[in-house]
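I opened the model and kept notes as I went. What follows is what I looked up, one entry at a time.

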Amino acid sequence: MIAAKLYDGRTSASREAQLLMEGRGSFARLRILAAGTEASVPVGDIGLGERVGETNRLLHLPDGGSLEVLDNAAFDAALAAAELQTREAPLRLLESRWTYALLAVFATVVGSALFVRYGIPALATHAVRYIPQSVDSYIGADSLTVLDRSVFQPSKLPPERQAELRRLFAEVAADAGGEGSRYRLELRAGGSVGANAFALPSGIVVLTDQLEQLARSDDELRGVFAHEVGHLVNRHAMRLLVQTSASALLVVGVFGDVSGVSSLAATAPTVLLNAAYSRDAEREADAFAFRWMSRHGVKPDHLADLLERLAAAHGDTAGGYLASHPDLRERMQALRRQQQVGPQR
Amino acid sequence: MGTDGEIDYRRYSRAALEDALQRIDRARYPLNYQRLVAELERRRSEEAAAAASVPAATRYRPEFNARGEEYFRIWIVNLALTIVTLGIYSAWAKVRKLRYFYSSTTLAGSAFGYHGDPVRILRGRIIAAALAAAYFGASRISPIGTLVMLAVIGLAWPWLLVKSRMFTMRVTSWRGLRFDFAPDYAGAYRVILGWGALGIVSLGLLMPRFLCERYRFVITRGRYGSTPFECNPSVGRFYKTMFATIGLGLAMAVVLFMPMSLLLVAVAKAASVSPAVMQVVSTATVGVLYAVMLSTIHGYTQSRNLNEVFGKTELGPHRFVSSLGATDLAGIYLGNLFLIVVTLGLYTPWAQIRLARYRLECIELEVHGSLDAFAAAAAAPVPAAAGEEIGSFFDLDFGF
């Protein structure tokens, strides 16, 4: 006899009941004895509620009533004796042993690391192909206007020099394929931004006067242009957008149940991830620059030299896990290493 | 004036008897006085007997029998399966988790039941994820896109609230009877958008009223079987809590933030620490202070508001009593956060259980009569899970 509680489904009254399993397999029947009444129901007609941990199992009877099993060990044994398996049995086995729990910790850590490191970037690269290039130009469309209004001044370089820089840039852009003709160089006096160059998704590359002055040769600037065109060709802005959205979604979806104040803790991984993705993009742009330079007989050393001077000018080389750019030294080393190995293609 | 001993006090009301006792001239009407006292005595003993025969209310406290080590294994196995299946299993994981929490909760010897269908939850999650992706995309592309998405979500909020409550209540059972939520979309828009907008327009002055109305709406539309919940929290309490919270926030700013920032500046000057180290130290300090402040304020407002709401909630003849403590709750929030960070997330299952246990065991049901007498209602169909899932993806606050 298995102790249970019987609820009739019409009122909240609870009655003591005794259960008895009879027969086997598809012929198994459950006999229910409660306060003088007796019923026998085919087990196949009973909805066996899922049991989690050491909680009571609920059974849904065909007449709308239900049973809450109190002696669950006896009921589970009776199910096994009647050669009946519950759907959750494999899961219960996994949930019952510490060995499996440890394996699960391992699978969670490795699985999410792999997915985040390789899965999301691969998916993003794939997804970006389906987004028309014209959409890219909407990303940060007004950032140059904002910078012009707040920090930037028109370039103070002589007009001939400006024209020459545009010619150099066009040369690099021409190599970038069909879209290259759309790319445009904008020159600005950088103000507090200082020596810098960046690419906007709309196809505009901005170079500040300070960086032009920091460069000792045009080859160095060609390296910079090639790096920025590398960002544009690889559609890094759109890809980062997809990747950061996907990773934020993943963190919310998987760890989202951590409610309330604790969800603060879930934002940290997202920040680290986005920085890592951004560093990947920089490395990819460096690699593009390297290939371009090797094809055009420009030594990658030139870009490395400029980066070195940039690092000295900024007075920091702080890299690490929070930085949006890889450590400058690391990038220089990578560029020099590639030069020693020689162009691969 | 009549003769002494003429008055028949048996026809007097109780209040009239008391009144007469105050006014009577004992010396002049000794007989009347004697009868009056005798009648009052008789009435008093009658009342005492009546009070004794009314059965005293029984209090039931929910019991939460979940155990951390057990839930850890359930949690981690389901998390691993979620990741291995690229998130698809998350719907089944959610059901398994909620089943564990519901069936670990017993009231008067009977456990609660959770009957959510994972396939429908998965469908809801896919819709929610698509919406969230659109939102993230829009927010990265332009401020106008963000505003448009926020407006859409804001307009949908009351609808989502109703759908989410319908789903959650209708998949919950106790003693074989389902809970229910009677949809009232117009009411939801009036409460959430109406009072919410007034709360913002009045610069927060009407916010307590909004909170009060929202709790009242969410609870009074709820039913167990065919018995509706009643809830009449007092707005005054919410105002008191808001002003006390503002005071608490200011006090903490003065006591915690100002000395800490002064200390940081002093240390930086004295020890000539490198700016990089200084930045890390100050970020960490601000983070810790922020967590302390948020936990305290959240613990205080939650405990006060929920005590008021549950304390004024009735189900048929029975009523609820809530005794959440602000310090206890803040301590749990802060302790949980700290341990989750220190253990890199592995403490999460214990943290969830600790919070759930405290919140559940602080509520009591004062039963007048019998808990067996609730009647079932006609079965209400469980709606799509999209509302519930969108709500949890966007962290829309539905009040609990």
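**Entry 1: chain A overall**

I counted secondary structure first: chain A has 12 helices and 11 strands. Helices here are DSSP runs of H or I with at least four residues, strands are runs of E with at least two, and both are numbered from the N terminus. Before going on, I noted that this is a predicted model, where local features need pLDDT of at least 70, side-chain atom pairs count only at pLDDT 80 or more, and totals for chains, interfaces and linings use all residues. Residues are numbered from 1 along each chain as its sequence is written, while chains are lettered from A and ligands numbered from 1 in the order in which they are written.

Next I checked burial: of the 345 residues in chain A, 34% are buried. My cut-offs: buried takes 20 or more other C-beta atoms within 10 Å of the residue's own, exposed takes 12 or fewer, partly exposed is in between, and C-beta atoms are placed from the backbone. I also looked at contacts in chain A between residues at least 6 apart in sequence, and 58% of these join residues at least 24 apart. A contact means C-beta atoms, placed from the backbone, within 7 Å.

How does the span of α8(A) fit its 16 residues? At 1.5 Å a residue they should span 22 Å, and the end C-alpha atoms are 22 Å apart, which agrees. The expected span is 1.5 Å times one less than the number of residues. I then found 15 of the 16 residues of α8(A) buried, so the helix is largely enclosed by the rest of the structure. After α8(A) comes A:Arg235, with a positive phi near 50°.

I looked at helix α6 (residues 159–174) of chain A against helix α8 (residues 218–233) of chain A: their axes come within 9 Å and cross at roughly 45°. That makes α6(A) oblique to α8(A). Axes are lines fitted to C-alpha atoms, for helices over the stretch in contact, and angles run from 0 to 180 degrees between N-to-C directions. Under 35 degrees counts as roughly parallel, over 145 as roughly antiparallel, 65 to 115 as roughly perpendicular, and the rest as oblique.

**Entry 2: where A meets B**

I listed the contact: 50 residues come from chain A and 54 residues from chain B. On the chain A side, β1 (2–7), β7 (66–69), α2 (89–96), α3 (98–128), α9 (236–255) and α10 (264–295) each supply at least two residues. The largest share of that side, nine residues, is from α3(A).

**Entry 3: chain B, domains and helices**

Chain B splits into domain 1 (9–53), domain 2 (57–114 + 240–375) and domain 3 (115–225 + 378–400); the bounds come from an automatic or database domain assignment. I got 59 Å between the C-alpha centres of domain 1 and domain 3 of chain B.

For helix α3 (residues 68–84) of chain B, 14 of the 17 residues are buried, so this helix too is largely enclosed by the rest of the structure. Just after α3(B), B:Leu86 has a positive phi of about 55°.

I also checked helix α6 (residues 143–170) of chain B against α7(B): the axes come within 8 Å and cross at roughly 125°. That makes α6(B) oblique to α7(B), and the crossing is right-handed. Among the residues that meet are B:Trp157 and B:Trp159 in α6(B), and B:Tyr185 and B:Tyr189 in α7(B).

**Entry 4: single residues in chain B**

Buried or exposed: which is B:Glu39? With 20 C-beta neighbours inside 10 Å, B:Glu39 counts as buried. B:Glu39 is in helix α2 (residues 30–53) of chain B and, leaving aside neighbours within four places in sequence, contacts B:Tyr9, B:Arg10 and B:Leu17.

B:Arg175 has a positive phi near 50° and is buried, with 27 other C-beta atoms within 10 Å.

Technical notes
Two residues are in contact if their C-beta atoms, placed from the backbone, lie within 7 Å. A crossing is left-handed if the near helix is turned anticlockwise from the far one by less than a right angle, and right-handed if clockwise.
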